Amino acid sequence: MAGKGLPKVTSGRRDPIPGLLLVLGLIPLFLTCSPRSSPTNIVIITIDTLRADHLGMYGYFRETSPFLDAFAEECVWFQNCFAPMATTLPSHLSLLTGVYPLEHGVMGNVQDGGRPYIPSPLLRSLPEAAQLSGFETAAFISAVPLKSHSGIQSGFDLFDEPDGAERRAGMTNLAVFQWLEARGAGPYLLWVHYFDPHSPYDAPPAYRSLFPSDDRSSEYMDERRFTEKAVTGNGRVSSAVETMNDYDREVRYVDDSFGALMERLRAEPDWGSTIVIVAGDHGEGLGQHREWHHGLCWEEHLRVPLLIRIPGRPAGRSKKLVSLVDVLPTVLGSTVGIQSGRLMEQASGFDMFAEPIDRFIVGQSSKRRVSGENPYGVLSIRTEDWKLIYRSSGKNGLFHIPSDPYELRNVVFDRPEVVKRLSSMLLGHIENQTRKAGEFRVGGDVTEPDTLDADARRDLRGLGYAN
Ligand SMILES: [Zn+2]
């Protein structure tokens, strides 16, 4: 059971937030913070489309991430963190609710057949709990999949979004800085979302001469067997290596913006009691496995960076297998002042700092990648040693990760006993998720009426999401 044995922040009441008070938006008196210690601020920084292996701390050969690498030295950073789905809205919702996409019911971005997030009496997000606990809550998002048609704004006093399809990290930072200047003296939850590494890859001009092709870029792509095929984008045809160079320039730009944000946050008087979580929402194919973008279950789609800074906790690297669904229970286990109600019981993830965690990682393809042959699309299960990619068509893949980290040698016919064991674990997990979705009464994979207006549709077409 997720969250078992974790420190309780509440006084033992099972659900201290009655539904009527939720509806009325009132803050009950029993939600006030403990007088014994100061509340902890929470800063969540998500960087869209950031594959872990393109950052210095994860062993990349280019200097794409000096600020993230430096910040990692004061964090616990997770070498093996995975998104539950390589799609923006479902992945972010899993981070904020601690449950899998099948459980919160959002199986794709709204424009790709996903439905908006709808809280239920048994399903709430961390921002909703923080708001009810008296935290000032603010979100600054940078692109259309997370704009307020998505429902993810629930629980935020301020939800700041771009006018058009997206905005650069520097513009998002300006809005964040204004808010920090004006915020009150109480505890806060701040979410900052950057979008720059997402396609189209068009870093500001000052970055465009960085990272030219060289022997090391060829070596990197050869050992992962990137496609040689060219891709059309930004009004031109690019080879795989040019595409990767452009992507890396965006990563370096967003890293610089992250550095500027951290400098500003460090100047806050309550920095000493501020938790910071930095995560990618999913990776990017860039031509690996013949996939340019994301939405499937390959490692380069699902493996994301995760850094957690908790004041007083020793920094270091963790090799544990963790998922973005673990962020919520981990934050609740280390935060003072959030009255979590039944959020711990809701969560499917684990407190990453609880010992030991014997777990496997489950992934699922985005709704837009469902072919019709499988109602769940493509599923994956990952242990320390093995990764099974499951398709109902029978074209399954089994990879021995320690000897084949880039998933190049399918051994599904050589190890039937492993396939059988992992399939059983995976399907049992999916059954549990389906049952929880019923408990949350979110209806699982339910398509709601389209809530996108014409402007949003145009913005999405510009990003290449919709046809
Ligand atoms: Zn995304």
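These are my notebook entries on a predicted model, taken one topic at a time.

**Ground rules.** I am working from a predicted model, in which local features need pLDDT of at least 70 and side-chain atom pairs count only at pLDDT 80 or more, while totals for chains, interfaces and linings use all residues. Residues are numbered from 1 along each chain as its sequence is written, and side-chain values use heavy atoms, with hydrogens and water left out.

**Overall.** I looked up the secondary structure and found 13 helices and 14 strands, where helices (H or I, at least four residues) and strands (E, at least two) are DSSP runs numbered from the N terminus. Of the 467 residues in the protein, 60% are buried, a term that stands for under 20% relative accessible area, with exposed over 50% and partly exposed in between (1.4 Å probe, protein chains only). I also noted the contacts (heavy atoms within 4.5 Å): among those between residues at least 6 apart in sequence, 73% join residues at least 24 apart.

**Zinc site.** I then asked which residues coordinate the zinc ion. The donors are D48 (OD), T88 (OG1), D281 (OD) and H282 (NE2), at 2.0 to 2.1 Å; a donor here is an N, O or S atom within 2.8 Å of the metal (3.2 Å for Na, K and Ca), and water is not among the atoms, so sites may look incomplete. The four donor atoms subtend angles of 104 to 116 degrees at the zinc ion, which makes the arrangement tetrahedral, a label given to four donors if all angles lie between 85 and 135 degrees. For comparison, I wrote down that the ideal angle for four tetrahedral donors is 109.5 degrees. Along the chain the donors of the zinc ion follow the spacing D-x39-T-x192-D-H. D48 sits in the loop between strand 1 (41-47) and helix 2 (66-72), and D281 in the loop between strand 8 (274-280) and helix 9 (299-302), so the pair ties together parts that are 233 residues apart in sequence. Both D48 and D281 are buried.

**Helix packing.** Helix 6 (residues 169-182) packs against helix 8 (residues 240-266) at an angle of about 10 degrees, with the axes 10 Å apart; axes are lines fitted to C-alpha atoms, for helices over the stretch in contact, and angles run from 0 to 180 degrees between N-to-C directions. The two are therefore roughly parallel to each other, since angles under 35 degrees count as roughly parallel, over 145 as roughly antiparallel, 65 to 115 as roughly perpendicular and the rest as oblique. The contact includes N173, F177 and L180 of helix 6 and Y253, S257 and L261 of helix 8. Which way does helix 7 (residues 215-224) cross helix 8? Their axes come within 11 Å and cross at roughly 110 degrees, and helix 7 and helix 8 are therefore roughly perpendicular to each other. That contact is made by S217, Y220 and M221 of helix 7 and A240, V241 and M244 of helix 8.

**D326 and helix 10.** D326 lies in the loop between strand 10 (316-323) and helix 10 (327-334), and it counts as buried at 0% relative accessibility. Leaving out residues up to four places away in sequence, D326 touches G349, F350, M352 and R359.

Conventions. Four donors count as tetrahedral if all angles lie between 85 and 135 degrees; four count as square planar and six as octahedral if opposite donors are over 155 degrees apart and all others between 65 and 115; anything else is irregular.
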